[in-house]
Amino acid sequence: MKISYNWLKDYLKINIDADKLSEILTNCGLEVESVTKSESVKGGLKGLYIGQVISCKKHPNADKLTVTQVDIGKEELLTIVCGAPNVKEKQKVVVAPVGTTLYTYKGEEFPIKKVKIRGQESLGMICAEDEIGIGDSHDGIIVLPDTSRVGQPASEYYNIQEDVIYEIGLTPNRVDAASHIGTARDVAAVLNAEISDDLNLNKVVIPDVASFNPDNKSRFIDVIIEDKEACPRYSGLTISNVTVKESPEWLKFRLKSIGLKPINNIVDITNYVLHEMGQPLHAFDADKVKGDKIVVKKPVKETKFITLDEEEIELTGNDLMICNAEEPMCIAGVLGGIESGVNEGTSNIFLESAYFQPSSIRKTSKHHDIKTDASFRFERGTDPNITVFALKRAALMIKEIAGGTISSNIVDNYPSPVANNIISVKYEGIDSLIGKKIERRTIKNILTSLDIKILSENKNELELEIPAFKVDVYREADVIEEILRVYGYNNVEVPDKLVSSTVLTPKPDKELLQNTISDMLCANGFIEIMNNSLTKADYYNSTEEKKSAVNILNPLSQDLGVLRQNLVFGGLEVIAYNQNRKINDLKVFEFGNIYKINRNEKDKNPLKKYKERKQLSIFLCGKREPESWNSGQDEFNFYDLKGYILSIFEKLGIDITKIEVEEINDDLFATGLRFYYGEKLLANAGLLKGHYSKKFDIKENTWFAEIEWDLLIKYYGRKPLLFKEIPKFPEVRRDLALLIDKNINFAQIEQLAFKTERKLLKKVGLFDVYQDPAKIGKDKKSYAVFFILQDEKKTLTDKEIDKAMRSLTGIFEEKLGATIR
């Protein structure tokens, strides 16, 4: 948003340095992003003077050139070679001496230097209109009236206007300051906070509309609001016999200084009032309002409409439109139509001033991708109580600049007036939240300057009436923020001492554990990924998944329509993205929340309608090691994935001897295991089914694990991580070859071994698997298993070792039906 310093001073009589005002604006929440100088003519005609041609002689070496002597009020005359056909003696002209820089009508810079033209020295230039940027004519030099004063700076003669323009980064909640009057209000509040009594010293002066009075009632246009929710208020009037033409220079300069292109006097006035007080207006050609009727409604879906920019759009059925008796004329609060706009052939206008529901304008503007100054304000919330005032202001300006007569009373359709908020604010709350006791007089000065009315006061609190234009002030904390914003954050001193309370970090520290596991995985060559929790609804196609999906009511796009139910698809998107860029070997992990609807019919608590839990996902894809002459080309397999999962369990102090597994049989995994701790499922891991990889055009096998992070935290530290001395006595290894049924897995052997020999057994491992249907049977397999035995207090004897091994072989034979080979 751009604010003109000169324009601002129309409403607030101040004489502050431009840099100081920039500081005031930034400190009160209107951050100034840039400060630039604006001139009604680029360059400000600096260095140019009014001169008089004293003599003209034909150039001795050129038929079309003239050698002139020009007086610009200096001690010596300037010799200037001129090529203009209309140069004559005694003419008053505009002169650019050597050292001047001209800014042409086309925006080009042209420095004036001392030159020789056909052997004749020239010390300047006698200028044409286009050469100094005041017009586009190049027919000859500018010839001024004889009354022009020689030596007068051209900037004085042409009354060049200068201004300072502030580019303000307006936050979405501060639409109350999206105008010059709104900005002036904030500046006045800052200045008034520093004085004691007379707030009139820095009072915002509002334009006077007391002289408004309809000239006649010859042209009435009725207003009907069909959608009162989307349009709570609509005001309008007619002005007849106007003359649509170019705006006066002062108005064009005001608009151009803030980056607007002047159109014609009617449109320019509506834009002027918009940036003056923040109320968008729209002018219709009254003769194009069929049936002399304005209807505010939402036309049916797929209705065609051509905008003022000559773009045809198709209405959605939810777009609020300003229509006449037969057809739409304007997208309400966004953009006008090509048919009903004001042009040079217009003589009668209908002027609109309305208040539209912000959400309605925002949806329309976003859907059609149309952004305008009007939609910028309407979608953030304008003041519903100034529509008539803005209408009167614009009507009086139109009468003054474009002529015409106000030919109707104001039609004001406002069935349900918007009430101001009433808020009680305690002084104690102000002091507590700000961290400083501000003088009560200063607080009241600030509130009054912000147009917040003090209804009543006692020693403890204030009862306040908040104006409707303060769209973000609903609570006591909001009022305190307004006070602090104007008082100045920089005026709240840093205390001499730091008062703090002991904060007990919950145990275990979830963030610390997450960082620990992240560091461990990164140290093992993994890369952490982070995906959006919003994802495509198409990913969840099954009936069960659709019932569990948490849908977004107003999604930004179809690709962000639901909250994710797992971390699979985000990871596959990352793998596909990298493989499309020739990065095929990947080890990635992600910590993220997943979301589902709570399907528990017994739980009627609306706060528990949704379930959210945190998971850790791991993806392995491609080759285990980078391609090299001394490394193999083995791809990742299940045991790589299992190893990382068990490492995570061990790092978190979970006793892996108590982990039980079972094979997976579901729609996600082609093969894999579930990991249980007691009856709780800690993780699923395995090879993703081919159609998932195919969906993302991933050609390699993708190994995936989803770990229930919240459960891991719950079981954290169940097996304390102990440090002890290295044993002084040796360990002993014994091997067994077990012939067992095909459906028995190693985990069962391992668990049974530790349950049987609790004292001496330290480790169990599988080092060979043998299967041969012809020799050992099709339902059998042979496991070669090693056992590590150790007594930490003494050296084991053969007798003790044999006893332990007999116990193990006996239990294997009894429980598993194993045969010792």
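1. Contact, as the word is used in this note, means heavy atoms within 4.5 Å. In this predicted model, that criterion brings Thr516, Ile517, Met520 and Leu521 of helix α14 together with Ser647, Ile648 and Lys651 of helix α17. Sorted by class, the residues that join α14 to α17 comprise 4 nonpolar, 2 polar and 1 charged. The two helices, α14 spanning residues 510–523 and α17 spanning residues 638–651, have axes that come within 11 Å and cross at roughly 140°, and the crossing of α14 and α17 is right-handed.

2. On the α20 side the residues involved are Ile749, Leu752, Ala753 and Thr756, which meet Ser807, Leu808, Ile811, Phe812, Lys815 and Leu816 on the α22 side. This contact of α20 with α22 draws on 7 nonpolar, 2 polar and 1 charged residues.

3. Helix α5 (residues 180–192) packs against helix α12 (residues 440–449) at an angle of about 165°, and their axes are 8 Å apart. Angles over 145 degrees count as roughly antiparallel, and α5 is therefore described as roughly antiparallel to α12. The crossing of α5 and α12 is right-handed. From α5 the contact uses Arg185, Ala188, Ala189 and Asn192, while α12 supplies Asn445, Ile446 and Ser449. By class, the residues of the contact between α5 and α12 divide into 3 nonpolar, 3 polar and 1 charged.

4. Turning to the aromatic residues, a search of the whole structure returns 23 aromatic pairs. Among them is Tyr157 with Tyr158, whose ring centres are 5.1 Å apart and whose planes stand at 80°, so that the pair is classed as edge-to-face. Tyr157 has a relative accessibility of 29% and counts as partly exposed, and Tyr158, at 25% relative accessibility, counts as partly exposed as well.

5. Tyr677 and Tyr715 make a tilted aromatic pair, with 4.7 Å from centre to centre and 35° between the planes. Tyr677 belongs to strand β34 (residues 669–677), whereas Tyr715 sits in the loop between α19 (709–714) and β37 (732–741), so the pair ties together parts that are 38 residues apart in sequence.

6. Which residues form one aromatic cluster? The members are Phe526, Phe589, Phe591, Tyr644 and Trp709.

7. A last point concerns Thr382, which is placed in the loop between α9 (373–378) and α10 (387–402). Thr382 has a relative accessible area of 4%, and because buried means under 20%, this residue is classed as buried. When its neighbours within four places in sequence are set aside, Thr382 is in contact with Gly278, Gln279, Pro280, Tyr355 and Arg377.

Technical notes. Residues numbered from 1 in each chain as written. Predicted model: local features only at pLDDT ≥ 70, side-chain atom pairs only at ≥ 80, totals over all residues. Heavy atoms only, no water. Helix = DSSP H or I, 4+ residues; strand = E, 2+ residues; numbered from the N terminus. Nonpolar A, V, L, I, M, F, W, Y, C, P; charged D, E, K, R; others polar. Axes fitted to C-alpha atoms, helices over the stretch in contact; angles between N-to-C directions. Left-handed = near helix turned anticlockwise from the far one by under 90°. Parallel < 35°, antiparallel > 145°, perpendicular 65-115°, else oblique. Phe/Tyr/Trp six-rings, centres within 6.5 Å; stacked < 30°, edge-to-face > 60°. Buried < 20%, exposed > 50% of the residue type's maximum accessible area, 1.4 Å probe, protein only.
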